[in-house]
Amino acid sequence: MIFHPTVMALFVGSLLVTFMILYSASYALLILRKWDLQSGSELQLNLERKTYLISTLIAYAFGFELLSFFLYVFTADQMHTFFVGAMCAAGSLYANDYGYPTLIVKLVNFLLAGTWLILNYVDNRGYDYPLMKTKCFFFLLLVPLILLETFLQASYFLRISPNIITSCCGTLFSADTFALPTDTGFLSSIRAKAAFYVTLLLTVGTGFFFFLKGKGAYLFSAVSALAFAVSVVAIFSFISSYIYELPTHHCPFCVLQKEYGYIGYLIYVTLLGATILGLSVGLLMPFRKIGSLSEILPSFQRKLAVTSSALFLVFTAIVTVRILLSDLILEGY
Amino acid sequence: MIELKDIRKVFNSGKPNEFSAVQGISLSIEARKATVLKGPSGSGKTTLLSLIGCMARPTAGRIRLFDREITSLPERFLTDIRRKTFGFIFQHFNLIKGITALENAMLPAYPLGEKSSSIRKRALNLFELFNIAPKAYSRVEWLSGGEAQRVTIVRALVNNPSVIIADEPTAHLDTKLSLEFMGILAKLKEDGKTLLLASHDPVVYESAVVDRVVNLRDGRIDGAGQ
């Protein structure tokens with residue numbers, strides 16, 4: 001194990017989160033089994049009081065989950081100097097079998113934890129705990145994923161050694177590894193960009209349409225998910241190349257480095273934030289029928305949609321500016 | 001209007017000093033009437049008032065206010081109900097020293113975000129109504145017991161609540177002032193306020209203003225209310 005401050009922070013933080021999650025899970029199970037708002041029993045009133053503690057614990061744990069995704073990537077980037085062959089986080093994560101699985105699980109947990117936090121926020125606006133059982137069920141689904149993340153991350157950090165020879169991102173994300181549209185010619189590059197911009201235009205369009213008309217929530221959420229996937233492919237495909245000004249380099253991690261003004265953090269924060277908010281608009285749709293939420297939910301969903309659209313726009317603007325300012329010309333090569 | 005169903009309140013539950021202050025009380029309190037909870041010290045009067053006034057939560061049981069169940073409400077909703085529905089008159093007045101009577105009376109209205117000038121106007125009208133306008137700008141430590149009591153009444157009314165809760169309101173007043181206080185309550189009842197008092201003072205529970213007396217003993221209702 002490498003005793004780096006951020007490694008220790010992630011390690012200790014994940015253990016604390018695990019403790020908080022397990023403690024909360026026992027009450028979440030009890031709530032799923034025994035919750036009955038019509039009852040005035042001592043157990044029910046005790047559970048009602050406990051929900052404040054549990055919701056707060058989970059909210060802090062999931063808040064840490066959001067931060068820990070970026071801290072993990074930052075840590076991997078910081079550690080690359082310890083490994084022979086590593087040039088950025090890509091190499092550090094490749095140093096053993098647990099680096100990339102941890103990253104993937106962290107990404108999934110990031111999206112799910114963010115969505116849970118929005119669900120929790122909405123539940124707290126209702127006077128009769130309208131989403132208590134729903135959010136407990138959702139939380140219990142997340143528990144195994146959080147535990148898996150803790151295990152994978154601990155395995156990654158505990159089994160890592162500075163003596164390891166790893167691969168650099170040039171090898172891991174080369175044109176050979178990623179047969180992406182930009183590597184296959186002019187038309188493909190244009191097509192990739194067209195797919196990216198059309199998807200994002202569609203996403204922002206449906207987002208603003210929902211904001212103005214209050215219709216198309218599910219469509220907006222579906223398109224947000226699609227925009228996330230297309231954007232990730234676009235980052236690998238051509239956005240990274242434009243930023244590095246190197247057509248053969250597709251690393252999604254080097255953008256997090258000082259040489260590129262840490263722009264990667266801005267790109268990923270806006271993209272992930274927009275996706276979470278976009279997904280939440282559709283997720284909240286079935287709860288509009290609940291009496292205590294029927295008044296507040298439509299306006300809240302509109303706020304989510306417009307914020308998500310704005311973040312997608314900021315994300316698009318950042319990458320577009322970098323593409324326009326780049327000296328690289330992909331088309332025709 | 002206020003329905004209590006099998007209310008229990010246990011302090012220090014599970015500990016050696018566990019104490020059941022209220023033990024399974026079911027009660028219906030009518031709107032726009034004066035109800036007195038009567039009983040000796042330790043009978044559960046104050047605890048019951050604090051449960052009805054949303055200042056504490058029961059250990060078990062449910063309370064309905066205007067057909068809305070309030071014991072399960074999250075804290076932020078309870079706060080709102082406390083501010084808008086109830087006006088409290090405390091045994092020890094609980095006025096804040098160092099500031100004026102008017103400033104004390106205006107305090108419960110500040111969190112609602114209303115303009116200070118309109119709160120001040122409303123409070124001054126109430127000072128006029130209860131004949132203590134000359135004392136509005138006096139510091140509360142300079143007031144007599146009767147004057148302090150009136151300031152607490154103004155403070156309880158500043159948010160125009162529908163229910164006035166008074167806990168042993170005459171405990172620190174002589175008979176003359178206590179009768180004056182009951183006169184004020186009669187006026188409030190005429191205005192449509194629901195009055196809920198805890199007292200073991202005969203001046204209160206034998207007053208013509210009072211519609212119903214609920215006898216409490218050892219945390220239980222003792223016999224039928226009159």
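**A first look at chain A**

Tutor: Chain A contains 10 helices and 0 strands; helices (H or I, at least four residues) and strands (E, at least two) are DSSP runs, numbered from the N terminus. This is a predicted model, in which local features need pLDDT of at least 70 and side-chain atom pairs count only at pLDDT 80 or more, while totals for chains, interfaces and linings use all residues. Residues are numbered from 1 along each chain as its sequence is written, chains are lettered from A and ligands numbered from 1 in the order in which they are written, and side-chain values use heavy atoms, with hydrogens and water left out.

Student: Why is chain A said to be as compact as a globular protein of that length?

Tutor: The radius of gyration of chain A is 22 Å, close to the 20 Å that the globule rule gives for 333 residues, so chain A is as compact as a globular protein of that length. The radius is taken over C-alpha atoms, and the rule is 2.2 Å times the number of residues to the power 0.38.

Student: How much of chain A counts as buried?

Tutor: Of its 333 residues, 54% count as buried, that is, under 20% relative accessible area, with exposed over 50% and partly exposed in between (1.4 Å probe, protein chains only).

Student: Let us pick one residue. Is A:Ala234 buried or exposed?

Tutor: A:Ala234 is buried, with a relative accessible area of 3%. It lies in helix H8 of chain A, residues 217-244.

Student: What does A:Ala234 touch?

Tutor: Leaving aside residues up to four places away in sequence, A:Ala234 touches A:Phe196 and A:Ile239; contact means heavy atoms within 4.5 Å.

Student: Changing topic, how many residues does each chain bring to the contact between chain B and chain A?

Tutor: Chain B provides 16 residues and chain A provides 16 residues. Together the two chains bury about 1,200 Å², 45% of it on carbon and sulfur atoms. Buried area is the accessible area (1.4 Å probe) that two parts lose on being put together, summed over both.

Student: And how many salt bridges are there between chain B and chain A?

Tutor: The count is 2, where a salt bridge is a side-chain nitrogen of Lys or Arg within 4 Å of a carboxyl oxygen of Asp or Glu. A:Glu42 forms a salt bridge with B:Arg8, with the closest N and O atoms 2.8 Å apart.

Student: Which elements of chain B give two or more residues to the side that touches chain A?

Tutor: They are strand S4 (60-65) and helix H2 (75-85) of chain B.
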